[in-house]
Amino acid sequence: MINLLNRETIDKIAAGEVIERPDSVVKELLENSIDSGAKSISIEIREGGTGLIRVTDNGCGIEKEDIPKAFLRHATSKLSEASDLFRIHTMGFRGEALASISGVSEVEMITREQGSMFGYRYRISGGRELDLTEIGAPEGTTVIARNLFYNVPARKKFLKSKQTETSHITDMVEKEALSHPEISFRLTADGRNQLHTAGSGKLLDVIYTIYGREISENLIPVEHSREGITVRGYIGKPVIARAKRDFEVYFVNRRYVRSSIVEKAVEDAYHPFMMLHRFPFVLLNIETDPERVDVNVHPKKMEVRFSDNEGIYQAVYETVSNALMGRELITEVKPEPEKSEKPSMGISSLPVEKERKAEPFEEKKERYEQQSLLLKTAPLPSEIPSELPVLSDRAPETGYQKAPKGAEEKQPENPGKKFLDPASLPSFRMIGQLFETYWLIEFSDKLYIIDQHAAHEKVNYERMMAAFRKKQPESQMILPPIFLTLSAGEALLLQKNLQLFQDLGYEIDENGDRDFLVRAVPSNLYSIASKELLLEILDGLSEERGSNLPPDLLRDRIATMSCKAAVKGNNYLSREEMEALIQELLTLENPYACPHGRPTIISMSKYELDKKFKRIV
Ligand code: ADP
Ligand code: MG
């Protein structure tokens, strides 16, 4: 016998697809509120959302005749034909959220249309309409869903603990808040405040509220357009890298999504700056023609597909990479915080934002910097290391000649002149070496401290990788060759990756199962090449679970370890060698961190020193 399912059953089945857990209810209701034009949305949940979910907005409201319609399956005011499906700008569009939610809980909607005299209360439970009555209410809409899944015990069983469901909901509300800084969101769970954003329209305010000071102080704003794709947001400096990917947050046309192609582009761009197994903080919104995006692949609308993967990859990669390369990533050493000078949000280290007014203390700092620069005299010619050629024929510009503009427009800290610019080299003043490890350099209004080992390693590594890319590894024959007898595991690792070693300048012959002859090594290892050294490098590889890494990462590891060994082996650096090294460091694309991700350079400004010594208050 063939049965026709009744409406209740159909609703329950369909609801199961859209409504997996309490956070999907909250998400749908939130998105409806966002679509309604609300400026303020408050969410209350109890017992992880299973007891109660209440979402209140001050949006457009719903007129009386439309209220029951809103709960019909495929009822939507946002779409009228199939062709519209590809031109979606609003958040929700399937027209089934309210139907689904009311199929699996007891729903009450209180709504009053903007400008209307009357408000209404509508109740519907398990898909069955109860009543629609007139009621006094503020303009906007409140939807309450109680006893979620009360009629679907099977699904209720699959729910996690109340705390877990609460944290899913919190995560999700945070994502909505991040993609809608102009809306104020408030979330309470069992009476406790979980989140409250101001709705100021500034993304950085929302980031500060959610992620706190450390993160918001270490961000670089980005904006970049390429072939109809605009990428905007904030990316974290490598110092705030995390062990997990949770801090990579992506939106496409302001919708929170997962996208492996975006992830790949971001991580590839960060690769030279990151230690292994570390992930950046990144918050990006990608704007593109909705027709080029398919968000309809999953009912929860999370994993997104692009019609132009290549374009998306390029746009995202360029955005992140340009920002990381172009900016001085030198960590600044700051004096202990003093309460009086704390800006309300720690953004003093962020580059200029046109809209942002300088904090009062920043204006003071700026004035100070401008004054101190007027007093600064050019370095004496004798202080300029004569053997260092000017690497650019551009006259060293100070960038300070321009009269300061109004206080509204903040000047970059060091406009037009960066430490890590070969053109700056002639104005360096090498002070000397400290603790046989650090080199001190005065430049502009800052003291720069270079870690000799880290810098050496970095230069070595870049040289090696550049030679590799040119397919001309710098290799030196060693005579007699080094004879290696390896453990079975080591032998396997080496056999599998022989090509990678060769790419970098090693020449290794297999000589039976576990014996190898090393005939040549990368030239920076020439003076120290030994059996122990090679075993150490192999050891390092197996420790890194080397065999599981993709080849390019593995090649990187080999290069890194080789360079580390080379630096360890040649400990002493004369002043001349150091000067040459710094000079070479400055020509690199990414001089800021050694291949391990340790910084090569840190800085301390004259201003900070003056503060420390209380020359200024
Ligand atoms: P969809 O959002 O996909 O259109 P829903 O079932 O979520 O489908 O909502 C159905 C309709 O109800 C919406 O198209 C909208 O017209 C109306 N609606 C739902 N929630 C609200 C709200 N908070 N404010 C104003 N209108 C709403
Ligand atoms: Mg909806």
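Reader: What makes β1 and β2 a hairpin, and which residue in the turn has a positive phi?

Author: In this predicted model, β1 and β2 form a hairpin with five residues between them, and Glu 47 in the turn has a positive phi of about 50°. The two elements are strands, that is, DSSP runs of E of at least two residues, whereas helices are runs of H or I of at least four residues, all numbered from the N terminus. Local features are given for pLDDT of at least 70 and side-chain atom pairs at pLDDT 80 or more, while totals for chains, interfaces and linings use all residues. Residues are numbered from 1 along each chain as its sequence is written, chains are lettered from A and ligands numbered from 1 in the order in which they are written, and side-chain values use heavy atoms, without hydrogens and water.

Reader: Which way does β1 (residues 40–46) run relative to β7 (residues 184–189), parallel or antiparallel?

Author: β1 and β7 run parallel and are joined by six bridges. Here Glu 44 has Thr 188 of β7 as its bridge partner.

Reader: Why is Ser 36 called buried?

Author: Buried means under 20% relative accessible area, exposed means over 50%, and partly exposed lies in between (1.4 Å probe, protein chains only). Ser 36 has 15% relative accessibility, and therefore counts as buried. Ser 36 is placed in the loop between α2 (22–35) and β1. Leaving aside neighbours within four places in sequence, Ser 36 is in contact with Asp 57, Gly 59 and Cys 60, where contact means heavy atoms within 4.5 Å.

Reader: Why does Tyr 438 count as partly exposed?

Author: The relative accessibility of Tyr 438 is 32%, so the residue counts as partly exposed. Tyr 438 belongs to strand β18 (residues 438–443).

Reader: What joins β18 to β19?

Author: Six bridges join the two strands, which run antiparallel. Ile 441 has Tyr 448 of β19 as its bridge partner. β18 and β19 form a hairpin with two residues between them, and Ser 444 in the turn has a positive phi of about 55°.

Reader: Why is β19 described as largely enclosed by the rest of the structure?

Author: Five of the six residues of β19 (residues 446–451) are buried, and the strand is therefore largely enclosed. Five bridges also join β19 to β23 (residues 601–605) in an antiparallel arrangement, with Leu 447 opposite Met 604 of β23.

Note on methods:
Two strands pair if DSSP finds at least two bridges between them.
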